[in-house]
Amino acid sequence: MKSEPNRQVRAIGSISCQSRRLVGVIAAAVLTACGGSDKAAAGPPTQQEVVVTGCNGTVTYVEAEGAFANGSPWSMRRPTGWNGLLINDLDYVPAKDGARSCYWLQRGYALSGTGRNPQRNFNYDPDREQQELISVIDMFNARYGKPTKVIQYGHSGGGFVALNFAERYPEKVDGVVVGCAHEPVPLMNMMLDGWFVLKTLIASELQVVGFSDLASVADQSAKWRAALTLAQQSQEGRARIALAAAVGQWPVWSNATRAQPDPFDLGALQSAVFDTVLLNAAQPGGQSRFMFEHAGTSPAVRQLSWNAGIDYSQLLARAEPAVGRLVLSLYSTNGLNLQADLATLRDATRVQAEPAASAFWNGPGRTVHGTPKIPSLRMHTTGDNVVPPNIIDSYVQKMQANGGDVSLYRTTIVDRAGHCTFEPSESAAAIETVLTRINTGVWPDVSPAGMNARAKALIPASVPAFVPYEPARANRPQNNPAGGL
């Protein structure tokens, strides 16, 4: 449904501080020069507003857009016939002309949000992203009026931002949809566990942490792909690849070009595991590890991961059953010595987290504690190799440890390969589910059947894929080496 909108640009630079209407909106309220006290005045002034016919001519809206001083873009759209609701999203700018956004505009939702900072690899800070999103909400309020309800929507890092909104800013948003969310420290640790096995048992000369140069990530990726492809050709290598996926709790199936393997077909299962590991090798050590290690504009590596004190025998014992069976079978039927490999892992030099990194990642807005204060729907795909789906249990363990309000939190799972590969109907159903909880105080049916029915009712031509799913208990929910949740 992506289309080129028909834009009629109207400059607003000459608007005075009088109440002058622009396409039905008092635009001057957002300008600092008008003496407003709203927080939005601290944001960048809008240079232009446009009247748009978009989404293949199906909807009209007014739009304002700009960029923060650090380069992060922002945008907002209020459709004709606005229903009073606003969906705010960290990744709205690159998705604003996509099918999901068009659907919501057609339904009368206003949309707003930002895009990723162009220097995000070197200055990642989810707290700053949250402050920028708050500024966007404030600017929307000043320009178009306060919405009746605001939902924070997000994928991946945007999902992590949404979790933080649920815990930190219940006065700013009324509910959140948390799509395929990472948690930086737990995610990098579960990635480290699998990569530590691969480095120790397959390619000790290659790198999995401590990337001081972004260019070295691509170099190491190529070398890892070659090493893994070679290892896959031997019985020993195939067993060790499976062991890495088992202890890292990486999903078996993540390659959308292949059918899901039968969990009892060990050959197909191992082949699927290899696909996942090879996909992960695009960024050794875990997706965006360089970004995490240099977060907060740190020029030097600040190691947020650790595996000191981790017993890999225990992690294997807690592996997802099908993958655990695969490991035991590959070792036993081929006469390989699993205990010898586990002993090698036990005795290998471990990775230590740096205090500066732990301090940074345990700061406000950079971690979560399982204490949502508004309705929160967690959504994930089963075949997500970038942020494995069982990371959702990391948050559940935090809720249990910290007395989080479980009545505010629900999860739903889509059976699809890849990271954040949700269909518009699935995203639409998630928004409607949270709105129902906000408006009634009661969750509607969030079973797979209930979610699929809701998605089909909203977009009848769709084929939603919500399924039953019980994640394995997450091995690494901790926010810091002291074990804090």
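Start by selecting Glu 293 and Arg 289: they form a salt bridge, with their closest N and O atoms 3.4 Å apart. (A salt bridge here is a side-chain nitrogen of Lys or Arg within 4 Å of a carboxyl oxygen of Asp or Glu.) This is a predicted model, in which local features need pLDDT of at least 70 and side-chain atom pairs count only at pLDDT 80 or more, while totals for chains, interfaces and linings use all residues. Residues are numbered from 1 along each chain as its sequence is written, and side-chain values use heavy atoms, with hydrogens and water left out.

Both residues sit in helix H10 (residues 289-293), 4 residues apart, about one turn of the helix. (Helices, H or I of at least four residues, and strands, E of at least two, are DSSP runs numbered from the N terminus.) Glu 293 is buried at 0% relative accessible area, and Arg 289 is buried at 1%. (Buried means under 20%, exposed over 50%, partly exposed in between, with a 1.4 Å probe and protein chains only.)

Next, pick Lys 96 and Glu 63, another salt bridge, at 3.6 Å between the closest N and O atoms. Lys 96 is in the loop between helix H1 (92-95) and helix H2 (99-106) and Glu 63 is in strand S5 (residues 59-67), so the pair ties together parts 33 residues apart in sequence. Lys 96 is buried at 11%, and so is Glu 63 at 1%.

Now jump to Arg 240 and Asp 341, which meet in a salt bridge (2.9 Å, N to O). Arg 240 belongs to helix H8 (residues 235-248) and Asp 341 to helix H13 (residues 338-347), so this pair links parts 101 residues apart in sequence. Both are buried. The whole structure has 20 salt bridges.

Last stop: show H9 (residues 266-280) with H12 (residues 321-333), whose axes come within 10 Å and cross at roughly 105 degrees. (Axes are lines fitted to C-alpha atoms, for helices over the stretch in contact, and angles run from 0 to 180 degrees between N-to-C directions.) Which residues make the contact? Leu 266, Leu 269, Gln 270 and Val 273 of H9 meet Ala 322, Leu 326, Ser 329 and Leu 330 of H12, contact meaning heavy atoms within 4.5 Å.
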